[in-house]
Amino acid sequence: MNRLVTYLVFMIVATCAVAQTNVTGMVIDREANEPISGASVIIKGADDKIKKFASTKTDGKFAMSVPTVKGCRLKVTMMGFTKQSIPLDSTVFPLTIYLEPGSIQLKEVAVKADRIREQGDTITYNVSGFAQQQDRSIGDVLKRMPGIDVAKNGKIQYQGEDINKFYIEGSDLLGGKYGIATNGISHDDVGAVEVMENHQPMQILSGIAFSDKAAINLKLKNKAKATWTFHGDAGGGYSWQPDGAIWDGEMFAMAVMPSFQNITTLRTNNTGENLSASSTDFFAGRRQTGLNQYVSVGLPGVPALNEKHTLFNRSLLVSTNSLWKFGKGEFKANIDYSFNRVTADASNITTYFLDYDGRGRRDVSRPYGENRVITENRSGTEHTHSLSGKFIYELNRKTAYINNTLRTHVDWNDVDLTTTGSIPNSQSAKLPDYYVSNNFKMIKRFKGKHLVTFQSVNEWESLPQTLTMNINNPGRDAIYRVRIDGDIFTQHISDHAFYTNESAAYAFNIKGITLSLEGGIKGYLRSMDSQLPDIPGELPGLTENVVNTNYIIVYATPKLEYWVRRVNLSLNLPVSYAHYTFDKAIADHDEVYFSPSLSFNWKPNNRFSGTLRGGLGRSPMNLNLIHPGLIMTNYRILKAGTEQFYNSSSQNLSADVNYKHTRYGLFANGMVIQSWTHVPYTMAQQLYGDYVVYSYADAKNDSKMLMAMGNIGKTLDFMRGSCNINGSFSRNESQLLSQERFVNSVSTGWSIGGKISGSPFRWLSFNYRIGYSDSRLTMNGQSESWLSTMENELNMTFIPHRKWQWTVSGEHYCNELTENKYKNVVMLDTKLTYQLNKRIELAAVLTNILDKRSYNYTTYSELSSFESRRQLRGRQLLLSITLRK
């Protein structure tokens, strides 16, 4: 009986097995002709219900079994490709299925559909859900979107990290100069702002190299596509300080077409608006030429006040940016010219702290009166011309990447500054800067798993500097006997550098593990000479420098990256050998450097992600510090370089977390950084009369830095608004040498702030921001008082009629000059707007209604304090007209 049952069971199973149909095949990328891994393969029956599903393996193959394929269809989908649907009736297996590159529409998750949507790794903000009636540009609206932060200089961050791309309809027209778009494109032309998380700009690295950065893409409304859009503003009026006429004008043109994009803008004003944010390249890396200006003659500035109240300017910006798509590549040209004329007046008192004993305590035998106090009344003018061009060819495909970027940048900067007070003088600085670079990069992907990269970087820069000073000090005591009334000192600096980096790399990927090795050679040639033929006799040291700094570096960078599911682990092990020559200025050096780093990223779901990073290393000193003679940076500060070659070591740890819940419009992020630096030399300060000489001395100089910051943003849908709370803390410890005595300094600061905006009624919208910060400096255990600053800003717009708008805004600044002594400043502005029709708008703006004309503040550094009284722009009235196409 048992044998009979067993036999019957076996026959039933065998019959079922025979009745099964094996559905097998391979999915291939038609463009790359390579198998696609991870594609979703689904068998649906005639009733559209899922019968079986699977994913393709690394070789692109799949296999499933179903009782019958009659009436069934096979559906294949993959992110970045057009989906395929194939009837299985009378089909011969195995199948070969080709997918075309394209886009796939994922099922959207409804999360506040009128304001925020989430779709895969893309967060979409509906612009109309955050815009207010008084907004002009898309930048005004971005500031209210939770999770997105726009700094005062225009830089954009998402969840506490800088974005890595800024697209307009999927094209990178402007690169890092996206301020042209955020300040120029009307918010009414943008339908949505997309944030693409974990964005990898190079398609060839997709699935191989992890990115924790986000990109922003502007989705334009149909009316702004495939056509030219224009708008312009022209305004004129009167200012009470400076006394005279004022103007403000803008012309903006944009074309966004399938194979061509262009943005051209012209802006000019003398109303205190800084145009530099529109021409700043936020993606530009540090120049490898390593040149820095030695001469530091600058106009006085105000660290806490809105620049529109402190900038006495005449500014012009012209920018044209074009993108052409042809074949599989694209060519971009970005050309900018800017001019600025800025004037400033200020009264300053600088105190140099000298009263510390050699054991790190305040020397009670040296009264406070022995601190050196310098008084200055400064009045100056700065003229700046800047011309830049960037020309890019790029091919960005899944199997090949080519990019060649040619950059040119020319600056002419002239500063004239007159000072009265302790040392009456006039200074004139001519500071041109000439820079050109070319960066070529080519990546080829083979068989979906192998990458070969070639890169060539070449940079050249020339930074000549001339400083002319006219010192007027009659009747000084004997120590100044070498000076007479009207002594003129002139310093010339010639500084040129060339840098090259030629490298190749190979990488391959196996089941989520990417191994790569990059190797290359770097070369550097630099010549610097300076002449200061006449200096006051009391100053010691050489007055000429002739330095030639050259190096050749051979390096290799092994890298391991583990990337699977929700975890990314990256280990970098760069090692290099460097040979430095200094043409007998100091001895030649041979060094080996090793700087490993490790990062771990965990993203268990779409709401939360966390990253841990750590690294340590050994690096060379700043080569600009190597010069035996004195260099005068301004009329009373000189810097002496070092004749020694030093290396420093450092360690760093950081952690950051991000959380978002788009259904509730909640975004939060936090970061903590701790770093330790070990340097075998320290900065020394020595006073000779009223002159300050900074130099470097052999001394152990260990410093520590701790920084923490956090941010929480939330939508307020009941009034179409949003709110944000942010905070930060920092603590820096370092050691310096002052008057041959060691000074251990600790600077501590913290801040907290918030903002809220909304439109609670049809006829009212508002924006409010508050910020509070506190800082303290401790030297050798003796702490100064905590000094605080507070800022409040409120903007309210009333709409009594659809054609009329009335905006009232106010700013309150509270600056603690000394302990419990505060300086309060209140600024009031108002604007009245009349909408004549859809294309014409008239406006009248009255700023600084209370006509505040001065502002006081105090700042501290490790070795000095700085107290300043600064002029403000007075009341001004501007009448303007806006035209739109």
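Here is a friendly conversation about salt bridges, a surface patch and a sheet in this predicted model.

Colleague: Before we start, what should I know about the model and its numbering?
Modeller: This is a predicted model, in which local features need pLDDT of at least 70, side-chain atom pairs count only at pLDDT 80 or more, and totals for chains, interfaces and linings use all residues. Side-chain values use heavy atoms, with hydrogens and water left out, and residues are numbered along each chain as its sequence is written, from 1.

Colleague: Thanks! How many salt bridges does a search of the whole structure find?
Modeller: A salt bridge here is a side-chain nitrogen of Lys or Arg within 4 Å of a carboxyl oxygen of Asp or Glu. Searching the whole structure with that rule gives a total of 32.

Colleague: Lys603 and Asp121 meet in one of them; how far apart in sequence are the parts that this pair ties together?
Modeller: The two side chains meet at 3.8 Å, N to O. Lys603 sits in the loop between strand 34 (597-602) and strand 35 (608-620), while Asp121 sits in the loop between strand 9 (116-119) and strand 10 (122-126). Strands here are DSSP runs (E, at least two residues), numbered from the N terminus. The pair therefore ties together parts whose separation in sequence is 482 residues.

Colleague: Is Lys603 buried or exposed?
Modeller: Buried means under 20% relative accessible area, exposed over 50%, and partly exposed in between (1.4 Å probe, protein chains only). Lys603 has a relative accessible area of 11%, so the answer is buried.

Colleague: Where does Glu461, the partner of Arg287, lie?
Modeller: The side chains of Arg287 and Glu461 form a salt bridge at 3.0 Å, N to O. Arg287 is partly exposed at 26%, whereas Glu461 is buried at 2%. Arg287 belongs to the loop between strand 19 (260-269) and strand 20 (312-326), and the pair ties together parts 174 residues apart in sequence, because Glu461 lies in strand 26 (residues 450-462).

Colleague: What is the relative accessibility of Asp495, which forms a salt bridge with Arg526?
Modeller: The closest N and O atoms of this pair are 3.0 Å apart. Asp495 is in strand 28 (residues 487-510) and Arg526 in strand 29 (residues 513-531), so the pair links parts 31 residues apart in sequence. Arg526 is buried at 3%, and Asp495 counts as buried at 0%.

Colleague: Which strand gives the most to the nonpolar patch?
Modeller: The patch covers about 740 Å² of surface, and its residues include Ile513, Leu560, Phe600 and Trp602. Strand 29, strand 30 (544-564) and strand 34 each supply at least two of its residues. With three residues, the top contributor is strand 34.

Colleague: And how accessible is Leu560?
Modeller: Leu560 is found in strand 30. Leu560 counts as partly exposed, and its relative accessible area is 34%.

Colleague: Last topic: which residue in strand 4 stands opposite Ser40?
Modeller: Four strands form an open antiparallel sheet in the order 4-3-6-7, with strand 4 (50-55) and strand 7 (84-87) at the edges, each pairing on one side only. Two strands pair if DSSP finds at least two bridges between them, and strand 3 (residues 40-44) pairs with strand 4 over five bridges. In strand 4, the residue opposite Ser40 is Ser55.

Terms used: Patches are made of residues with over 30% relative accessible area and no salt bridge: like charges are joined within 9 Å, nonpolar side chains (Val, Leu, Ile, Met, Phe, Trp, Tyr) within 5 Å. Accessible areas come from the Shrake-Rupley method with a 1.4 Å probe; for residues, only the protein chains shown count as cover.
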